[in-house]
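Reader: Could you walk me through this one before I set anything up? I'd like the cut-offs spelled out as we go.

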Amino acid sequence: MLANLQKNPWRLLLAINAVVIVGVFVHKIQLPPYVPYIHLLVDYHFGFIKRALIGAVVALFTAKVPVWLVFALGGMTWLVTLALFARLFQKTFGFAAKTLPLFVFIAGSPFFLKNFMHTLGHFDIYGCALTIILLLMPAGSLLFVATAALFSIVLVLIHHIHLLMYVPTIIAIVVIRHYLACGCNRSNVAFGVVALAVVSALFFAAQFLGTMPIPEADFVAYLKTRMVDPSRTDLLQFSYIWYQPLAKEILDTWGRLPHNILGLPVFALLIWLHTPLWRYFANLIGALASEMHRRLVIAALIGVSLAYLVMFAMVFDYSRWISNWAVCMFLILHAVKMLPAKQETPLIPAGDRNTDIFGLVITLIPRVGIVRPF
């Protein structure tokens, strides 16, 4: 058995990842759920406001929100996302000894499921889950484009920053899976343009018209009526985010920049540790049968990355942004694998010493964090 593990250690790395995830969960439930909790309290009681969809859905089922619901709802969403990704990987690559290194580099990445566990209750994972569903759906009709538009609307209502976080990846997947595969005609192009315009208009409405219309003291008083324990005022300390204008968010981000920028070398190191995965992704793009497909995929990767660059300039949760950027790359990789190729791309090799070391290191890194690395 020991000899088998030394020859192919990837099953052991997969088991270690599972243990690490359990450890991250145990650590997470010991932390105060500040932002995730208040998001469950805010609804549309005072009219249309930003970041209120999840709280509005919760309000349909309970008038009082317990703190444990943050972890229950977040944990359920995490498990659903895990199951969806496992199904996606099985559909795209299959589960076998030869695909285990690729699975470990993606599923075991500190950017992905482990960091979603650390950010349990935050809204990022909803974008990932809905994007995976799009990758699992048939893409041959306008129903696929309509579903992508609906998912984008839901994400913007959950939090308008999804317009930069996951909507560009959804657009890339729609282009790759529908427009490149089925071709462009007047009806599907017009439908896509209208859908994009609706999502963009909703974003601007949420950003500039979705501010809470009552004084903050009255807002906090209402939130207390939704709490099981209204004395926990410490859980309401982020109520100001429903009043903060975009200019103030940008000012705060740039004020923290000199300190937060120190984490960039760590982010670069973490990205470099995924070199075998990026090399496989590059080879996958290079093996596409169509030169136009290759160019459009590269343009999509640049477009998604530019959206994250804009987000970096606006909001300072850098560890979350870089982690979600990597997740978007992982998901687009699956979309690219669905395109016609002129030849089969060799998978990440098992038994290569450098690859084994990189795999071990990313397995042992438990998460990336929220604002600064780790």
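Author: Let me begin with a term: buried means under 20% relative accessible area, exposed means over 50%, and partly exposed lies in between, with a 1.4 Å probe and protein chains only. This is a predicted model, where local features need pLDDT of at least 70 and side-chain atom pairs count only at pLDDT 80 or more, while totals for chains, interfaces and linings use all residues. Residues are numbered from 1 along each chain as its sequence is written, and side-chain values use heavy atoms, with hydrogens and water left out.

Reader: OK, is C128 buried or exposed?

Author: C128 counts as buried, because its relative accessibility is 0%. C328 is buried as well, with a relative accessible area of 0%.

Reader: And how many disulfides does that leave by the rule?

Author: The count comes to zero, where a disulfide is a pair of cysteine sulfur atoms within 2.5 Å.

Reader: What does Y166 touch?

Author: Taking contact as heavy atoms within 4.5 Å, and leaving aside neighbours within four places in sequence, Y166 is in contact with residues including C128, C328, Y308 and N324. Y166 is also among the residues that touch the most other members of the largest nonpolar core, which has 125 residues; such a core is a set of buried Ala, Val, Leu, Ile, Met, Phe, Trp, Tyr and Cys residues joined through side-chain atoms within 4.5 Å.

Reader: Which helix gives the most to that core?

Author: That is α18, with 14 residues; helices are DSSP runs of H or I with at least four residues, and strands are runs of E with at least two, numbered from the N terminus.

Reader: Switching topic, how do α14 and α17 cross?

Author: The axes of α14 (residues 246-260) and α17 (residues 291-314) come within 7 Å and cross at roughly 85°. Axes are lines fitted to C-alpha atoms, for helices over the stretch in contact, and angles run from 0 to 180 degrees between N-to-C directions. The two helices are therefore roughly perpendicular to each other, a label for 65 to 115 degrees, with under 35 roughly parallel, over 145 roughly antiparallel and the rest oblique.

Reader: Which residues meet there?

Author: From α14, L246, E249, I250, T253 and W254 meet F312, A313 and M314 of α17.
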